[in-house]
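Q: Could you give me a close look at one part of this protein, residue by residue? I would like one connected walk with the cut-offs spelled out as you go.

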Amino acid sequence: MTQITVEKNPSQQRLEALNVSKWPTWEKEVSVFPWTFPEQEIAYILEGECVITPTGGTPVTFGKGDLVTFPAGMTASWEVKKPLHKHYQLDGSKLCQIYRRIKLALKL
């Protein structure tokens, strides 16, 4: 997958199958910032509204109730229009996630 996918209002069964309620949460105030996704991330938006623009791509808008998948390796600009609160799940083990972030920071 090379693009962001937004699933509008996924069913409760889908959320339960993914075990979304057990995922960690993250919050962000209204802001604009760059971001790189070292691994695929799936996020379920609890509150907020955002526009994310992949580098060289088309802006994607999502908000409360959406299930969003961000592809590994994508760089983008976030615009948090309303304060964001989300559940999120990253691919891979914690060790692999740490390795990817160190590699990214060192630009290896």
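A: Let's start at asparagine 9, which sits in the loop between β1 and α1. Helices are DSSP runs of H or I with at least four residues and strands are runs of E with at least two, numbered from the N terminus. This is a predicted model, in which local features need pLDDT of at least 70 and side-chain atom pairs count only at pLDDT 80 or more, while totals for chains, interfaces and linings use all residues. Residues are numbered from 1 along each chain as its sequence is written, and side-chain values use heavy atoms, leaving out hydrogens and water.

Asparagine 9 has a phi near 45°, positive in a residue other than glycine. As background, most residues other than glycine have a negative phi, and most peptide bonds are trans. Asparagine 9 counts as exposed because its relative accessibility is 61%; exposed means over 50% relative accessible area, buried under 20%, and partly exposed in between (1.4 Å probe, protein chains only). Asparagine 19, in the loop between α1 and β2 (25–28), has a positive phi too, near 65°. With 39% relative accessibility, asparagine 19 is therefore partly exposed.

Helix α1 (residues 12–18) holds arginine 14, which at a relative accessible area of 36% is partly exposed. Setting aside residues up to four places away in sequence, arginine 14 touches Glu7 and Leu67, where contact means heavy atoms within 4.5 Å. Arginine 14 and leucine 67 are 53 residues apart in sequence, with 10.0 Å between their C-alpha atoms.

Leucine 67 brings us to β6. Five of the five residues in β6 are buried: Asp66, Val68 and Phe70 on one side, Leu67 and Thr69 on the other. Strand β1 (residues 5–8) is joined to β6 by four bridges and runs antiparallel to it, with valine 6 partnered by valine 68. Four bridges also join β4 to β6, again antiparallel, and here glutamate 41 is partnered by phenylalanine 70. Two strands pair if DSSP finds at least two bridges between them.

The structure holds six aromatic pairs, meaning rings of Phe, Tyr and Trp (its six-membered ring) with centres within 6.5 Å; planes under 30 degrees apart count as stacked, over 60 as edge-to-face and the rest as tilted. Phenylalanine 37 and phenylalanine 70 are stacked, because their ring centres are 4.7 Å apart and their planes are at 10°. That pair links distant parts of the chain, 33 residues apart, with phenylalanine 37 in the loop between β3 (31–36) and β4 (41–54). Phenylalanine 70 and tryptophan 78 have ring centres 5.6 Å apart and planes at 45°, so they are tilted. Tryptophan 78, at a relative accessible area of 2%, is buried. Phe33, Phe37, Phe62, Phe70 and Trp78 form one aromatic cluster.

Finally, the core. A nonpolar core is a set of buried Ala, Val, Leu, Ile, Met, Phe, Trp, Tyr and Cys residues joined through side-chain atoms within 4.5 Å. The largest has 16 residues, and those with the most contacts inside it are Ile4, Ile52, Phe62, Phe70, Met74 and Trp78. The elements giving two or more residues to this core are β4, β5 (60–63), β6 and β7 (75–90). Beyond its neighbours within four places in sequence, isoleucine 52 contacts several residues, including Ile4, Phe37, Phe62, Phe70, Met74 and Trp78.
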